[in-house]
Amino acid sequence: MARPLGEATREAYGKALAELGRENPNIVVLDGDLSKSTMTKYFAQEFPGRFFNVGIAEANMVGVAAGLAAAGKVAFASSFACFVMCKGFDQLRLAVAYSDNNVKIVGTHGGISIGEDGVSQMGHEDIGLALSLPGFVVMVPADGAQTRAAVRAAAEHIGPVYIRVGRPKAPIVYENGCPDFQIGKAIMLRDGRDVTLIANGLMVAAALDAAEMLEQDGVSARVLDMHTVRPLDEEAVEKAARETGAIVVAEEHLLHTGLASQVAMAVARLHPVPMRYVGLTQYAESGAPDALMRKYGLTGENIAREALEIVRSRASSVV
Amino acid sequence: MVTSDVSLKQLERTARKLRRHIVKMLAIAGSGHPGGSLSAIDILTALFFGNVMRYNPQNPRWEDRDRFILSKGHAVPALYAVLAEAGFIPEEWLWQLRKIDTPMQGHPSVKDLPAVEASTGSLGQGLSIGLGMALAARIDGKPYRVYVMIGDGESEEGQVWEAAMAASHFHAGNLTAILDYNHYQLDGAIGEIMSIEPVVSKWEAFGWAVREIDGHDMKQILDALHWARETREQPSIIVAHTVKGKGVSFMEGNNEFHGKAPTQSELEQALAELAD
């Protein structure tokens, strides 16, 4: 069941950024004294003239990124997800979203899987904050290969983008890379008839695990990697609702402002079916990443249990 | 001197005309911020018409243009007045200030008017954006300078000092800030609400070249802007002492007119005082 661990998505981000830097002299990168953690250090080492460490000052970092973008640069700015989104939010609103500046925010250490450092360092709300800004593309890649594809897609997209990546090594979902990656296009990793599991980030691997467990219970589960939260692939969501009749959404984020809410809005409008959610409803705490994921229910087992309940309740109501 | 061919009298006459435009557009709009627009207009007049900034009204996005960011975005009537005078927008647009279905937003909006360099109005943001532009100029080997006008009340925002620290650290010698020090913020006198003093030594301590002037003396303004253009090793700031509501007797130093438009009769009196 356990998938082999690959590189951390933040590591893949840093490597992808350095690659892009070689191809595109117009890319500039900013960091807020976390380049050794966000992995923008690779870009910084290769392109010191296009890298700006603004120190521990996220509001200024976002503003400077907006100014660089307004002057024609493709500006990537990074910090921990919670710091850049929370401390830079007013600047993201006015200088980036409302001004439609070509700024790419990459928040690392998203979710609770950062572990021991605890809540003040964890992105619980970062995706919700990004979603609340009109015009922002919001992506949460599942593994290293997909992160590279998402970072490349972000650089090509003209306009504001938020990408959330994580701290720990991520289970490999895409063994052979992610060549067909497209912003806003969900990837069906497994087809199924009885229920659809929609997930992003680390929860994609968990959803795949859940699908295998469900198979042993005689339940056929579709798995959709919804790496782009906005624009949401509504076509894939509607199809899932119509063809499988039940949906479980799983994310490493507060449910009321993340992927779950977006999928629920789409399902309610396009084709209402029973839904369940696996995600956060409160702040977490310090602890080993795996232990935290278990304690807060972010596991394949939990996704499988929710799916099983929803399928069984549908079966009993039909009978 | 850059200003040798520009008559001070002509600039003062232009500033007076733009003051008339400011009070008129605010009276028609029925809301807005006269005090901080009138305190800033002499400086904006010098920047745009005193042979200081290079720009092209036919091509507002000309890559080599000098940039001006009005970080104290509530003074947008002053900005719109100079943009119209410079030919970026038709003068008739001034009378559409704050009206629906027009580009004349109540605070500067870059998406609505290409001649506006940055969307502002949430105070504290303009200097960071200006620094980003200044750094881009350096990367691209472009000759342009970035001017950012900040307010005194605005200087209470922490982001201003984050940007101040960074501009000095990055030796952004092509960045010039202008502090419109009119000594009032919405709730009252700066010194009573939240003093920013000693403001000159604060900026010096942050590594900026500082010059202090009377922000209504056209010669001092032009001299200071010239000095800023020649200051290339470090960022520069002009601390301009101004009078809120300058030019209209009943608005001068009267903080009621921080965010209140003149009535029709007040407009008539103001226009009479500002007549050529």
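How many helices and strands does chain A have? Select chain A and colour by secondary structure: there are 13 helices and 14 strands, each a DSSP run numbered from the N terminus (helices are H or I, at least four residues; strands are E, at least two).

Before you go on, note that this is a predicted model, where local features need pLDDT of at least 70, side-chain atom pairs count only at pLDDT 80 or more, and totals for chains, interfaces and linings use all residues. Residues are numbered from 1 along each chain as its sequence is written, chains are lettered from A and ligands numbered from 1 in the order in which they are written, and side-chain values use heavy atoms, leaving out hydrogens and water.

Stay with the whole chain for a moment. Its C-alpha atoms fill a box of roughly 65 × 40 × 35 Å along the principal axes. Buried residues (under 20% relative accessible area, 1.4 Å probe, protein chains only) make up 66% of the 319 residues in chain A.

Next, select β9, β11, β10, β13 and β14 of chain A. In that order they form an open sheet of five strands with mixed pairing; two strands pair if DSSP finds at least two bridges between them. At the edges you will find β9 (187-190) and β14 (275-280) of chain A, each pairing on one side only.

Now zoom in on β10 (residues 195-199) and β13 (residues 247-254) of chain A, which run parallel and are joined by four bridges. Show A:Leu197 here: A:Val248 in β13(A) stands opposite.

Note on methods
Buried < 20%, exposed > 50% of the residue type's maximum accessible area, 1.4 Å probe, protein only.
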